[in-house]
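User: Could you take a close look at the interface of chain B and chain A for me, and walk me through how the two sides meet?

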2 protein chains.
Amino acid sequence: MLGNFIYSNPTTLYFGDQAQKNITEALKGFGPKVLLTYGGGSIKRNGIYEQVCEALKEAGKQVTEVSGVMPNPTLGKVLEGARIARENNVDLILAVGGGSTIDYAKAVSAAAYYEGDVWQNFWVKQKEPAADQHIIPIGAILTMAGTGSEMNGGSVITNEETKMKIGKVFSQRLMPKFAILNPRYTFSVPRYQMVAGIFDIMSHIMEQYFSGDDDNTSDYLAEGLMRSVIASSRVAIKDPENYEARSNIMWSATWALNTLIGEGKKEDWMVHMIGHAISAYTHATHGMTLAAVSVAYYRHIMPYAVKRFARFAKVVWEIPSQNKSDLQLASEGIDALAAWIKEIGAASEISSLGATPDMLEGIADATIILNGGYKVLDHDEVIKILQESL
Amino acid sequence: MLGNFIYSNPTTLYFGDQAQKNITEALKGFGPKVLLTYGGGSIKRNGIYEQVCEALKEAGKQVTEVSGVMPNPTLGKVLEGARIARENNVDLILAVGGGSTIDYAKAVSAAAYYEGDVWQNFWVKQKEPAADQHIIPIGAILTMAGTGSEMNGGSVITNEETKMKIGKVFSQRLMPKFAILNPRYTFSVPRYQMVAGIFDIMSHIMEQYFSGDDDNTSDYLAEGLMRSVIASSRVAIKDPENYEARSNIMWSATWALNTLIGEGKKEDWMVHMIGHAISAYTHATHGMTLAAVSVAYYRHIMPYAVKRFARFAKVVWEIPSQNKSDLQLASEGIDALAAWIKEIGAASEISSLGATPDMLEGIADATIILNGGYKVLDHDEVIKILQESL
């Protein structure tokens, strides 16, 4: 049953193929100094950078830039951005990019005026900035669908020294004040990244769905979102410039991880924990690490939640249920997931992402164990799942 | 495909069987003078009134009351409330009740400092209060699930003189700042009202779902919500105090009409238009008027959207599709809807709600014709649907 919760979401989303026309308007509520953050420069090749600079100019902003935000943003890069934000006394951080860039903006905002050990306190100990700490507001212009970072408090950062990649969900203060979601901005994302994003979305939904034995509205919404992601993915891999498919993928990504489908229920998140550990060792693309371990993980926990997996098979994958035991149906659902991973071109083996047998102990050690799912894993079980995913 | 839109929702929801513990906290952000509005006094019998007064006292508020808000709130009652709010210079309107009471609070807030013709401008001409007009903030304590008024700008008011019942969707300024959603508060709702609420929720979803030929994430979310409402309704009619079912119904109601599932797509709303006209003539309970005309309405428009109705049958009602034409499947979906209306005890005929053949012309004349659905109705078609619903 739905537990007690508070639902509130402060992010304003501007969605559609004309969404960028709202940037100047969205910028109005903030002071003149903007820190513009982005990644490797693809936004300069596809024209988005120019559109954003135009809007910033129109809004009369003074712009400082931090570019080169990497796909798995590092603590070192966060501290560099925090210093620049502080030294320039910026009024807004405007992140242009995918989830990594927006996650990075949140980390920079939290770190800019923090005097303690940023890594230890925010990521390892999962603390929040004190109520009286100055927080720099964030805006986002999304160029890749996947993480949902545009409408949540999530910020995944990698400590390059300790090889730990940890996610922190900050409070509403660190959530973007606004986000511009133009599905056309995702058209130039390379296929590999598009597919990784699609699996990331699916994984977000599954990791909230596969927990609890109750019958919550949240789970029905999750099923609707999964059906939409699957249908749209099948169109998008054949026709990446299909606006309907890409807009559905973008919108599903936002709702897959802005708290809605997790309200009032348990959540799992072990696939993300294992995936983060793999990324920290291999620098593999986030969504692909999730795809590569999901099938082994779900086969491992399925016996502990046969009914839920049978429902997943029937509702999400439309597998006929007549004359089948729940166990058979459950198993066929995971088969369907495995087949879909191959169909869309996501990773089926962690070896294809650079993981080698000698890394497995280290990856398992770096895997944070959570307890919201159907089975609390021990170290040996993580090793087993990694071996089966090789 | 998803059109351009802005998504933003300012309402904070406190949900759960302990939700009332947040009332004092929620009241803190507002001035000391509160206008407490409620209906016929059932909240005094079930103890909710006492809990709310306790919280108001704890928060140090001075309370003025307007009670007797009727199920279809009238313009006269709105003007009375507006005068009392203005004369007492209130800082917050706290509505305790179902959708009618919350709709009423919005109307009072819009009318309190408005100097023109409230009915003509807000409801007939669908204007907004001017940006510089003072708006009294609203809070809600929900005791009945159905309208979604707790998280939207909707306000349906009846002009008792002209027999017109019109809905107005106000901007975010008029939306509740907070809402307390305790499913247990709905346990004492009489069965008839509970069922009417359930059908109202279902109708909200269907009236957004049955429009457009595209394949939007919004529609997949709508399907998830419909499946949840159907499943929960079947538990709740047998066991009205089943917390899981009642909490799912309450949560579904909120998301059925807070803009999410209508984003970027066309919407229909003709069933509500016909239903409002019936209520204005008969004073019948809102949700029941919708149930009584839905089957005839959907059979009438189904030929214009066979594919969508076939999808409705398959996904929402789980009707096997093998060896069936879309037309047959579509028809069986509406049969399933008709059967469910009987199963939960909603109204199948408008005659059972007090409508008589001599009223039909008047009801058709009072029906506002919209053009977002699959078929724009003319007067004769409304008459035909009403006759088939008798």
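Analyst: Happy to. At this interface, 45 residues of chain B are in contact with 45 residues of chain A, contact meaning heavy atoms within 4.5 Å. A word on the ground rules: this is a predicted model, where local features need pLDDT of at least 70, side-chain atom pairs count only at pLDDT 80 or more, and totals for chains, interfaces and linings use all residues. Residues are numbered from 1 along each chain as its sequence is written, chains are lettered from A and ligands numbered from 1 in the order in which they are written, and side-chain values use heavy atoms, with hydrogens and water left out.

Together the chains bury about 3,800 Å², with 58% of it on carbon and sulfur atoms; buried area is the accessible area (1.4 Å probe) that two parts lose on being put together, summed over both. Of the area that chain B buries against chain A, 16% comes from Tyr7(B), Tyr220(B) and Trp251(B), more than from any other three residues.

The rule finds two salt bridges across the interface, each a side-chain nitrogen of Lys or Arg within 4 Å of a carboxyl oxygen of Asp or Glu. One of them joins Lys314(B) to Glu318(A), with the closest N and O atoms 3.6 Å apart. On chain B, the elements giving two or more residues to the side that touches chain A are β1 (5-15), α8 (217-238), α9 (243-256) and α12 (306-316); helices (H or I, at least four residues) and strands (E, at least two) are DSSP runs, numbered from the N terminus.

Strand β1 deserves a longer look. β1(A), residues 5-15, and β1(B) pair in the antiparallel sense over seven bridges, where pairing requires that DSSP finds at least two bridges between two strands. Within this pair, Phe5(A) stands opposite Phe15(B). The two strands sit side by side in an open sheet of 12 strands with mixed pairing, ordered β3(A)-β2(A)-β4(A)-β5(A)-β8(A)-β1(A)-β1(B)-β8(B)-β5(B)-β4(B)-β2(B)-β3(B). At the edges stand β3 (62-66) of chain A and β3 (62-66) of chain B, each with a single partner strand, so one side of each has no neighbour in the sheet.
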